[in-house]
Amino acid sequence: MKSEFLGAIAPILNEAGRMMTAYHDPKVYDKGRHADFVTEADLAVQSFLIERLSAAFPSAKFFAEEKKDNELTDALTFIIDPIDGTTNFFRHRACSAISVGVAEGRKPVFGAIYNPYRNELYHAEAGRGAYCGDERLHVSDTPLEQALVGFGTAPYYNDLFEVTGRTLTALLPVCGDIRRTGSACIDLCDVAAGRSDAHFEWLLQPWDYCAGTVIVREAGGRCGCILGGDVSLERGASHLAANPRIYDALQLLLQSVWKEVKEKATL
């Protein structure tokens, strides 16, 4: 990926952010699962991003949340979440972001996350560091007993309710505190910036974590599947991001909760 990539995408994200925040009372549509919504703004922003990025990168492919025929190949591919934190968006909580990740050879190589409410552009390219604007980002070195841990609940996956609840019960006594914002992309930027120390969710989709994974890693953090191995950009995965000091211990704790819940389910 060429370094001029940021120069092409930054103005597109700025314009997409203005489009997003111009919707003061967007139409909201039910996607067919509990608490799973899309708005007319999501659809408009996604169409705009694909149109503008296609013009800038004519050979690129697209993998996006509101796109029906997603397929990942080895080609240069933009992985897009037009509005991460949709419920926050239409409930006017001002905690949503636009996420554009880039994959090449099915691996994340570039990420940009734009928070239009704070006019903050987080970006990172493999091997070049992570930034918010021009400011270099670094993860924290906070130990687990003092760590601020972000998480997501994914309320539309009812088979994950129990493991999510049990995870919080197990985690609260051993960490500093827990936070839930409703936007995985913003949570991952917080990890990269050292404002929090970890983030996990039992099932995230590639558009939720592609860009954030690059940003966290380039800020010195670690990202992977909770149950082991690297994350796949072809399908959803359990996702963990954390500073290196606590990653292994936190992963082991989460894995133990998963094992306990699964063993109970077989009794």
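Is alanine 112 buried or exposed? In this predicted model, alanine 112 is buried, with a relative accessible area of 0%. The legends below begin with this residue.

**Figure 1. Alanine 112 in strand 6 (residues 107-115).**

**Figure 2. Helix 1 (residues 5-21) against helix 2.** The two helices pack at an angle of about 160°, and their axes are 10 Å apart. An angle over 145 degrees counts as roughly antiparallel, and helix 1 and helix 2 are therefore described as roughly antiparallel to each other. Their crossing is right-handed. Helix 1 contributes Ile9, Ile12, Leu13, Glu15, Ala16, Met19 and Met20 to the contact. On the side of helix 2, these residues meet Ala44, Val45, Phe48, Leu49, Arg52 and Leu53. Sorted by class, the contact of helix 1 with helix 2 comprises eleven nonpolar residues, two charged residues and no polar ones.

**Figure 3. Glutamine 46 in helix 2 (residues 40-56).** Glutamine 46 has a relative accessibility of 7% and so counts as buried. Its contacts, not counting residues up to four places away in sequence, are Ala64, Glu65, Glu66, Lys67 and Pro82.

**Figure 4. Helix 4 (residues 161-171) crossing helix 7 (residues 247-266).** The angle between these helices is about 135°, with the axes 10 Å apart. Helix 4 is therefore oblique to helix 7. The crossing in which helix 4 passes helix 7 is right-handed. From helix 4, the contact is made by Glu162, Val163, Arg166, Thr167, Ala170 and Leu171. From helix 7, the residues taking part are Leu250, Leu253, Leu254, Val257, Trp258, Glu260, Val261 and Lys264. The residues of the contact of helix 4 with helix 7 divide into nine nonpolar, four charged and one polar.

**Figure 5. The buried residues of helix 4.** Which residues of helix 4 are buried? They are Val163, Thr164, Thr167 and Leu171. These residues cover an arc of only 100° around the axis, which puts them on the same side of helix 4. Their packing partners are strand 10 (148-151), strand 11 (177-179), strand 12 (198-204) and helix 7. Val163, Thr167 and Leu171 are also among the residues through which helix 4 contacts helix 7.

**Figure 6. Positive phi values at arginine 106 and asparagine 119.** Arginine 106 is not a glycine, although its phi is positive, at about 65°. This residue is placed in the loop between strand 5 (97-104) and strand 6. Its relative accessible area of 32% makes arginine 106 partly exposed. Asparagine 119 likewise has a positive phi, near 50°, in a residue other than glycine. It is found in the loop between strand 6 and strand 7 (120-125). Asparagine 119 is exposed, with a relative accessible area of 54%.

**Figure 7. Valine 231 in the loop between strand 13 (222-224) and strand 14 (237-242).** Valine 231 counts as buried, at 10% relative accessibility. Apart from its neighbours within four places in sequence, valine 231 is in contact with Tyr209, Thr213, Gly224, Cys225, Ser238 and His239. Valine 231 and threonine 213 are 18 residues apart in sequence, and the distance between their C-alpha atoms is 9.1 Å.

**Figure 8. Valine 28 in strand 1 (residues 28-30).** Valine 28 has 38% relative accessibility and so counts as partly exposed. Leaving aside neighbours within four places in sequence, valine 28 is in contact with Phe37, Val38, Thr39 and Phe90. The C-alpha atoms of valine 28 and tyrosine 122 are separated by 28 Å, and these two residues are 94 residues apart along the chain.

Definitions and conventions
Residues are numbered from 1 along each chain as its sequence is written. This is a predicted model: local features need pLDDT of at least 70, side-chain atom pairs count only at pLDDT 80 or more; totals for chains, interfaces and linings use all residues. Side-chain values use heavy atoms; hydrogens and water are left out. Axes are lines fitted to C-alpha atoms, for helices over the stretch in contact, and angles run from 0 to 180 degrees between N-to-C directions. Helices (H or I, at least four residues) and strands (E, at least two) are DSSP runs, numbered from the N terminus. Angles under 35 degrees count as roughly parallel, over 145 as roughly antiparallel, 65 to 115 as roughly perpendicular and the rest as oblique. A crossing is left-handed if the near helix is turned anticlockwise from the far one by less than a right angle, and right-handed if clockwise. Contact means heavy atoms within 4.5 Å. Ala, Val, Leu, Ile, Met, Phe, Trp, Tyr, Cys and Pro count as nonpolar, Asp, Glu, Lys and Arg as charged, and the others, Gly among them, as polar. Buried means under 20% relative accessible area, exposed over 50%, partly exposed in between (1.4 Å probe, protein chains only). The arc is that of the directions from the helix axis to the C-beta atoms.
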